[in-house]
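Subject: The structure, and some notes on it

Hi,

Here is the structure I promised to pass on to you. Have a look at it first, and then read on for what turned up.

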Amino acid sequence: MTTPDHLDDLDAVTALADKVRRAAYRAVADAAPEPAGRDEVAEALGVGRTLAAFHLDKLVDAGLLEVSYARRSGRSGPGAGRPAKLYRLSAAEHAVSVPPRAYRSAAELLAEALERTGAEETLYRVAQEHGRQAGPEPDVTALLTGHGYEPASREDGRIELRNCPYHRVAEQFPPLICGMNLAMLTGLLEGAGLAGQWCARMDPAPGRCCVTVSKNKTD
């Protein structure tokens, strides 16, 4: 049976069927962790500001984006102008399965069982072994993108991961799942042949994955 929640998720995913709207969503995602304005998205898409605003607001209605308001110039008070409408990715998750499945519930049960039995180290070994199976990939950005991490390079040389594929379960079991994630990324780098150049380390911060990837230090 399809539940109302599943129908809401279906509506959200269907909103991305339009090619321009999907590109607008991608433009906002690429701007993270900063919000994106209508002008920026219009420029990225090569469309008019009005059309960009239309698609952005449709994504808000679908629950895929969130809105905030701020003056981009930093000015305040009289003469500073109206605050700009800004968009960022919604923290809500949307998954569609027909018929409905409860894989998230199964993951939560397994995570709790692992914590109760003290089997964390076994999980980490399995995660690292699983990561190694990904196979060779000379481009670290392509490797991370292909596994859903949405990497973003920073000026200090780190690669931050704007998406955690295990976010919902990690919220409930942070040490267990973040440790698993670190082991998985370590294995991915080893399997890709990049472990000599890059390493994964625990580096938690709000709004992104708890792990970052950095170049190995050389003497």
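Which strands does helix α9 lie across, and at about what angle does the helix run to β6? Before the answer, please keep in mind that this is a predicted model. Helix α9, residues 174–192, lies across β5 (159–161), β6 and β7. Its direction is at about 180° to that of β6.

Those strands belong to an open sheet of four, in the order β4-β5-β7-β6, and the pairing is antiparallel. The edges are formed by β4 (151–153) and β6 (198–202), each of which pairs on one side only. On average, neighbouring strands in this sheet are turned by 25° against each other, direction ignored.

Back on helix α9, Pro174 is part of the helix. Pro174 is partly exposed, at 38% relative accessibility. Between Pro174 and Cys210 there are 9.3 Å in space, C-alpha to C-alpha, although the two are 36 residues apart in sequence.

Next, a residue from another part of the chain. His55 sits in helix α4, which covers residues 49–61. His55 counts as buried because its relative accessible area is 5%, and the cut-off for buried is under 20%. The side chain of His55 makes a polar contact of 3.1 Å with the side chain of Arg21. Apart from neighbours within four places in sequence, His55 touches Asp18, Val20, Arg21 and Ala24.

Two backbone details are also worth a look on your screen. Most peptide bonds are trans, and most residues other than glycine have a negative phi. The bond from Ala32 to Pro33, however, is cis, with omega near 10°. Pro33 is found in the loop that lies between α2 (19–31) and β1 (36–37). The other detail is Glu150, which is not a glycine and yet has a positive phi of about 50°. Glu150 is located in the loop between α7 (140–146) and β4.

Is Glu150 buried, partly exposed or exposed? Glu150 is partly exposed, since its relative accessible area of 23% falls between the cut-offs of 20% and 50%.

Do write back with your thoughts once you have had time to look.

Best wishes

How values were computed:
Residues are numbered from 1 along each chain as its sequence is written. This is a predicted model: local features need pLDDT of at least 70, side-chain atom pairs count only at pLDDT 80 or more; totals for chains, interfaces and linings use all residues. Side-chain values use heavy atoms; hydrogens and water are left out. Two strands pair if DSSP finds at least two bridges between them. Helices (H or I, at least four residues) and strands (E, at least two) are DSSP runs, numbered from the N terminus. Axes are lines fitted to C-alpha atoms, for helices over the stretch in contact, and angles run from 0 to 180 degrees between N-to-C directions. Contact means heavy atoms within 4.5 Å. Buried means under 20% relative accessible area, exposed over 50%, partly exposed in between (1.4 Å probe, protein chains only). A polar contact is a pair of N or O atoms within 3.5 Å; within protein, one must be able to donate a hydrogen and the other to accept it, and residues adjacent in sequence count only if both atoms are side-chain atoms.
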